Each structure stands twice: as structure tokens, then as C-alpha cells.
Amino acid sequence: MAHTEATHRTVPSPAGRIHLVEQGAGPLVLLVHGFPESWYSWRHQLPVLAAAGYRVAAIDVRGYGRSSKPGAVDAYRMLDLVEDNVAVVHALGERSAAVVGHDVGAAVAANSALARPDVFRAVGLLSVPYAPRGGPRPGEIFARMGGDEEFLVPYFQRPGRAEAEIEPDVRGWLAGFYAALSADTMPSSDALDPHFVSRGGRLRDRLPTGPRPGWLGEDDLDFYAGEFERTGLSGALNRYRNMDRDWEDLAAFDGAPITQPSLFAGGSLDASTTWLADAIEAYPRTLPGLVSSHILDGCGHWIQQERPAEVNRLLTDWLAGLPA
């Protein structure tokens with residue numbers, strides 16, 4: 001059978017190039033990772049979706065891995081990432097794809113479906129629910145969230161600040177950040193919340209230093225650390241630095257629903273799911289094409305790595321039911 005092995009390739013895009021790992025033959029499924037991740041976050045999905053009869057392509061988002069890393073902060077706007085996804089579909093010789101995203105990749109997937117329904121025929125969202133553009137400017141909302149502390153997003157938004165914390169010990173920081181949001185290693189409810197930073201403090205001071213999460217083997221951590229040691233963190237963090245620009249760029253989509261067939265899955269222990277419970281409740285209006293929605297009990301944020309078998313089953317069942 002053709003394409004049984006995963007193959008690496010780069011394709012041209014508005015960013016310059018996008019690196020992807022491709023496996024299988026059949027209808028195209030594009031997989032978009034989140035922060036701080038990689039195409040490698042989909043290592044458990046690639047062979048299973050390929051075996052189920054799909055051509056699967058897991059990308060390195062612009063700024064990550066072997067994809068191009070434009071120098072300008074404003075080169076990481078949402079609509080630029082949408083156009084990268086479109087370019088990948090066309091470079092692979094396809095006209096349309098189902099797109100599945102995790103974390104900030106879920107927002108990229110959602111906006112790809114919203115802005116380019118001609119290309120993206122279905123959308124799957126993992127960990128971060130769809131919430132239509134609207135309301136106050138995001139920077140104003142994030143600034144109010146911390147109280148005496150600073151929310152994670154504004155902390156990431158100041159150029160150079162998080163890089164200075166992370167880059168001297170990428171491996172240690174990543175291990176702590178992955179552990180902070182994993183079901184089996186997240187801090188107890190009476191510990192300092194790792195989604196916030198003390199004024200003038202460092203996020204690292206909030207991250208667990210104990211055992212690694214069960215899903216994160218030594219080789220897995222080595223892979224992620226190696227990628228970010230090579231690339232630095234600015235390209236990845238620049239996604240957070242464009243949220244107010246995105247709010248302006250997406251004004252035409254204010255309050256807009258995504259009408260294509262969709263799927264949502266999140267973890268019951270993930271703040272992305274619990275804080276955005278209202279967004280999930282609004283799905284009948286915001287995702288009228290929703291086929292299935294799932295909260296995985298006892299699961300954290302890294303859903304497709306924490307619960308690969310369950311997520312693979314949800315994805316294959318959903319994809320199998322899509323119109324041809």
C-alpha cells in the first residue's frame with residue numbers, strides 16, 4: 001500500500017516554507033499543533049488516521065521546527081497562518097481538507113474553516129473551544145484577568161521577556177510547563193496557579209519540578225527541547241503577540257458561526273475547557289454543524305498525547321461520518 005511510512009517534506013507557503021510530516025492516502029486531514037509543540041505532537045494520530053484511509057499531514061506551524069520563521073512580530077497574525085494552511089493543501093495537490101487543531105492550533109483551525117470554507121470542509125478542535133470574535137479587545141480582557149497577578153498571555157506578549165526565562169534551560173522549562181497542564185502532574189488546587197505569574201516574577205517559579213507526565217518519555221522531551229533549542233522561542237511566542245491585531249483583522253467575522261461539520265474534545269481537568277465552559281454551551285449557535293462534543297474525564301491539556309487511543313477513536317469516527 002502506498003504512503004504507509006511517514007515522510008518529511010517542505011512545501012512553499014506565504015511564510016516561505018512549511019515543514020510537514022505526511023502519511024497515508026485518501027481524503028486529506030491537516031493537523032495543526034499548539035504551544036509549545038510541534039508536528040511531533042500528532043505522532044500517535046498519524047499512523048492511525050493513515051491506516052483508517054486518510055492522507056494525514058501534520059505541520060510545523062510558522063515559527064516552529066523546520067518551517068520558516070519570519071523576523072517581524074506581525075508576520076504571525078491569524079490570517080497569515082490560515083494562508084499557510086491553504087498553501088499546504090494546494091501544495092499537496094488537493095483542493096480541500098478536514099483541519100484539526102490543538103490549543104492555539106485549534107484557533108488556527110477554527111479560523112481556517114471560518115475564513116476559507118472553500119478549502120476546509122470540516123474542522124476538529126482539541127482542548128480550546130471555538131468562541132467567535134467579538135466583545136472588547138483581547139488585550140483589555142487579559143489585562144483584567146490576573147488581579148494582583150499577571151495572566152500567562154500578557155506575560156508571553158512582551159517581546160523578549162519569556163524568551164529570557166525559557167532559553168537558558170529549554171528542556172527544564174518545557175518539562176515543567178508540560179507537567180503543569182498534565183492530569184497526572186498538575187499542581188494541586190491549593191498550589192500557586194501556573195496560568196499566572198507574580199508581578200515581577202517568572203512563570204518558571206510556578207512550574208512543577210517533580211516527575212514527568214506519563215505521556216512524556218525521555219525521547220519525547222529530548223525531541224521537543226531539541227527543536228526549541230535550535231529555533232528559539234520567539235516564533236512560537238509571536239502568536240500571542242498578535243491577538244489584538246487578529247481582533248482587528250477578523251472584524252468581518254464578528255460573532256460568525258462555523259457551519260462546516262465539526263468536532264470538539266477537551267479534558268475535564270484542563271483550564272482551557274473549564275474557563276471557556278460558556279463557549280462550549282454556546283455551540284448550538286456558534287458551531288451549528290457540530291457532530292460530536294466530548295469532555296474526557298480526568299484528562300489534562302495535552303489531550304492527543306495523554307489519551308491517544310481515545311482521541312484517535314473520536315477522530316476516526318468523526319471523519320468516517322463526513323460527507324464524501
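Me: What stands opposite leucine 263 in strand 10?

Reply: Serine 292 does. This is a predicted model, where local features need pLDDT of at least 70 and side-chain atom pairs pLDDT 80 or more, while totals for chains, interfaces and linings use all residues. Residues count from 1 along each chain as its sequence is written, and side-chain values use heavy atoms, without hydrogens or water.

Me: Why are strands 9 and 10 called paired?

Reply: Two strands pair if DSSP finds at least two bridges between them. Strand 9 (residues 262–267) and strand 10 have 6, in the parallel sense, so they count as a pair. Strands are DSSP E runs of at least two residues, helices H or I runs of at least four, numbered from the N terminus.

Me: What makes strand 1 and strand 10 edge strands?

Reply: The open sheet has 8 strands in the order 1-2-4-3-5-6-9-10, with mixed pairing. Strand 1 (7–13) and strand 10 (290–296) each pair on one side only. From one strand to the next, the twist averages 20°.

Me: How do you know that helix 3 packs on the sheet?

Reply: Helix 3 touches strand 3 (28–32), strand 5 (97–102) and strand 6 (120–126), where contact means heavy atoms within 4.5 Å. The direction of helix 3 makes about 160° with that of strand 6; angles run from 0 to 180 degrees between N-to-C directions, with axes fitted to C-alpha atoms, for helices over the stretch in contact.
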